[in-house]
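Hi everyone, thanks for coming. Let me put the sequence and the model up on the screen, and then we can walk through it together.

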Amino acid sequence: MALRNILTKEQPALYKKCRPVTEFNPRLHQLLDDMAETLEKANGVGLAAPQVGVLRRVVLVIETNVPEGEPEKLLELINPEILETSGEQDGPEGCLSVPGEYGMVKRPMNVKVRAQDRNGNWFEAEGTGLTARCFCHEFDHLDGIVFTSKCERMLTEEELQGGEVEAEEEKEEN
Ligand code: ZN
């Protein structure tokens with residue numbers, strides 16, 4: 001495994017539409033393993049392939065809504081699609097490609113998705129709260145959309161330092 005560089009918002013690759021994955025080969029597996037290592041090192045909850053400069057429809061999402069004492073689950077989603085959404089949440093969102101900036105973004109509260117695993121098998125997954133937000137945020141990356149274009153407003157330094165963001169995030173995870 002190897003760490004990959006995370007592109008930042010100035011780089012044009014982040015605004016391109018990604019192509020579907022057609023070959024489920026060792027090269028894809030290497031990409032997934034590298035992305036997992038990169039995500040862990042960056043301490044994020046999700047990462048999309050274009051963020052490491054690969055314009056393919058591949059994302060990782062960490063399912064943080066797990067029973068107490070159980071490890072968080074890393075989901076590998078290839079060629080993902082949203083099947084259903086319900087509810088709404090409005091909260092602060094950030095991105096590893098936009099370090100240090102957070103903004104308020106409305107997302108559905110519950111999201112049901114389908115995707116292929118690293119061997120090409122289709123599966124379904126459901127996310128709520130932070131995981132639902134993460135599905136939407138990462139899938140947007142595959143269409144060249146960075147969250148800042150969906151922000152109703154960016155948060156100020158005072159709001160960030162006031163702990164408002166952390167309080168909101170805790171609420172979402174509960
Ligand atoms: Zn992002």
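**The zinc site and its surroundings**

Let's start with the zinc ion: along the sequence, its donor residues follow the spacing C-x41-H-x3-H. The protein donors are Cys-95 through SG, plus His-137 and His-141, each through NE2, and they lie 2.1 to 2.2 Å from the zinc ion. Donors here are N, O and S atoms within 2.8 Å of the metal (3.2 Å for Na, K and Ca), and water is not among the atoms, so sites may look incomplete.

A quick word on the basis: this is a predicted model, where local features need pLDDT of at least 70 and side-chain atom pairs count only at pLDDT 80 or more, while totals for chains, interfaces and linings use all residues. Residues are numbered from 1 along each chain as its sequence is written, and side-chain values use heavy atoms, with hydrogens and water left out.

Back to the site. Cys-95 sits in the loop between strand S4 (89–93) and strand S5 (103–107), while His-141 is in helix H2, so the pair links distant parts of the chain, 46 residues apart. Helices (H or I, at least four residues) and strands (E, at least two) are DSSP runs, numbered from the N terminus. Cys-95 and His-141 are both buried, meaning under 20% relative accessible area with a 1.4 Å probe, protein chains only (exposed is over 50%, partly exposed in between).

Which residues in helix H2 (residues 130–142) are separated by about one helical turn? Phe-135 and Phe-139, because they are four residues apart there. Phe-135 is buried at 0% relative accessibility, and Phe-139 is buried too, at 8%.
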